[in-house]
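We will go from stop to stop, and at each one you get something to select and something to look for.

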Amino acid sequence: VQLQASGGGLVQAGGSLRLSCVASRSISSFNVMAWYRQAPGKQRESVAAIVSGGITTYVDSVKGRFTISRDNAKNTMYLGMNSLKPEDTAVYYCKARYGGITYWGQGTLVTVSS
């Protein structure tokens with residue numbers, strides 16, 4: 001399974017972006033899909049996750065601003081990000097778990113200027 005993340009870029013504080021993560025195969029059987037991020041000098045952290053039943057979870061710092069979703073027909077997971085803050089600046093990675101194996105995408109850089 002290969003995951004291709006895209007959609008990052010430079011945005012001003014208060015702006016919006018939508019990240020996409022396209023899988024090389026059907027995601028309908030993926031147990032969990034998630035977005036992580038890693039800011040400079042910090043450890044990678046979980047941002048949001050969505051399970052196959054559609055239940056979603058978010059880290060407290062993004063609740064109410066970010067929305068994770070998946071489109072099984074397009075083999076794609078999304079992360080909608082609104083009201084972006086400078087502290088959201090990071091490389092964002094998508095992750096999927098399937099068949100007992102964890103797969104990672106290559107990351108997409110999000111930079112939020114103040």
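Two strands count as paired if DSSP finds at least two bridges between them. Strands themselves are DSSP runs (E, at least two residues), as helices are (H or I, at least four), and the numbering starts at the N terminus. Before selecting anything, note that this is a predicted model, in which local features need pLDDT of at least 70 and side-chain atom pairs count only at pLDDT 80 or more, while totals for chains, interfaces and linings use all residues. Residues are numbered from 1 along each chain as its sequence is written, and side-chain values use heavy atoms, with hydrogens and water left out.

**Stop 1**

Select β1 (3–6), β3 (17–23), β7 (66–71) and β8 (76–81). They form an open sheet in the order β1-β3-β8-β7, with antiparallel pairing. Because β1 and β7 stand at the edges with a single partner strand each, one side of each has no neighbour in the sheet. Neighbouring strands here are turned by 15 degrees against each other on average, direction ignored; the axes behind that value are lines fitted to C-alpha atoms (for helices, over the stretch in contact), and angles run from 0 to 180 degrees between N-to-C directions.

Now walk across the sheet. β1 and β3 are joined by four bridges, and Leu3 faces Ala23 in β3. Between β3 and β8 there are six bridges, with Leu17 opposite Met81. β7 and β8 are likewise paired antiparallel over six bridges; look for Thr67 opposite Gly80 and Phe66 opposite Met81. In the hairpin of these two strands, four residues lie between them, and Asn75 has a positive phi near 55 degrees.

Colour β7 by residue next. Its covered face holds Phe66, Ile68 and Arg70, and its uncovered face holds Thr67, Ser69 and Asp71.

**Stop 2**

How much of β3 is buried? Buried means under 20% relative accessible area, exposed over 50%, and partly exposed in between (1.4 Å probe, protein chains only). Five of the seven residues of β3 are buried, so the strand is largely enclosed by the rest of the structure.

Select Cys21 and Cys94 and show their side chains. The two form a disulfide with sulfur atoms 2.2 Å apart, inside the cut-off of 2.5 Å between cysteine sulfurs. Cys21 belongs to β3 and Cys94 to β9, so the link ties together parts 73 residues apart in sequence. The angle about the S-S bond is 70 degrees, making the link right-handed. Both Cys21 and Cys94 are buried.

**Stop 3: the nonpolar core**

Select Trp35, Leu79, Met81 and Tyr92, the residues with the most contacts inside the largest nonpolar core, which has 29 residues. Such a core is a set of buried Ala, Val, Leu, Ile, Met, Phe, Trp, Tyr and Cys residues joined through side-chain atoms within 4.5 Å. Strands that each supply at least two residues of this core include β4 (32–38), β5 (45–51) and β11 (108–113).

Zoom in on Leu79. Leaving out neighbours within four places in sequence, its contacts (heavy atoms within 4.5 Å) include Leu19, Trp35, Val47, Ile68 and Tyr92.

**Stop 4**

Asp88 sits in the loop between β8 and β9 (90–98). Is Asp88 buried or exposed? Asp88 is buried, with a relative accessible area of 1%. Beyond four places in sequence, Asp88 touches residues including Arg37, Arg65 and Val110.

Move to Arg65, in the loop between β6 (56–58) and β7. Arg65 is buried too, at 10%. A polar atom of the Arg65 side chain is 2.9 Å from the backbone oxygen of Ser83.

**Stop 5: out to the surface**

Finish with Gln43, in the loop between β4 and β5. Gln43 is exposed, with a relative accessible area of 72%. Apart from neighbours within four places in sequence, Gln43 is in contact with Arg37 and Gln38.

Definitions and conventions:
Polar contact = N/O pair within 3.5 Å; in protein donor to acceptor, adjacent residues only side chain to side chain.
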